[in-house]
Amino acid sequence: ALPICTTRTRTATVLGDRHGPLVSTAEHVLAALRGMGVDNATVEVDGPEVPILDGSAALIVDAIEQVGVVTL
């Protein structure tokens, strides 16, 4: 069975494990990746949460489009 990796979702998606939260407000990154058909990615976050930016996934989509997507 896969581990449960979502610890809280009341006001933001918080990803973590049984030891506690690892990163919050990941929903915009996840939405951008899903919308672009990306199902395998490494995302590095320097801090306890993903920056909210403009409150949408648009800037994240723009950043992904700038670097491109490679089919594995």
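I sorted the lining of the second largest pocket by class and got 10 nonpolar, one polar and no charged residues. Here Ala, Val, Leu, Ile, Met, Phe, Trp, Tyr, Cys and Pro count as nonpolar, Asp, Glu, Lys and Arg as charged, and the others, Gly among them, as polar. Among the lining residues I noted Leu-15, Val-23, Leu-33 and Thr-42. H1 gives the most to this lining, with three residues. About 190 Å³ of space lies in this pocket. A pocket is an open set of points on a 1 Å grid where a 1.4 Å probe fits, with protein on both sides within 12 Å along at least five of seven lines; lining residues have an atom within 4 Å of a point.

The model is predicted, so I kept in mind that local features need pLDDT of at least 70, side-chain atom pairs count only at pLDDT 80 or more, and totals for linings use all residues. Residues are numbered from 1 along each chain, and side-chain values use heavy atoms, without hydrogens and water.

Next I looked up the largest pocket, which holds about 390 Å³ of space. Leu-33, Val-38, Ala-41, Gly-68 and Val-69 are the closest to its centre, out of 18 lining residues. H2 gives the most to that lining, with four residues.

Last, I checked H1 (residues 27–35) against H2 (residues 58–67): their axes come within 9 Å and cross at roughly 50°. Helices are DSSP runs of H or I, at least four residues. His-28, Val-29, Ala-32 and Leu-33 in H1 meet Ile-60, Val-61 and Ile-64 in H2 (heavy atoms within 4.5 Å).

Methods
Axes fitted to C-alpha atoms, helices over the stretch in contact; angles between N-to-C directions. Helix = DSSP H or I, 4+ residues; strand = E, 2+ residues; numbered from the N terminus. Points joined across faces, edges and corners; volume = space filled by probe spheres on them.
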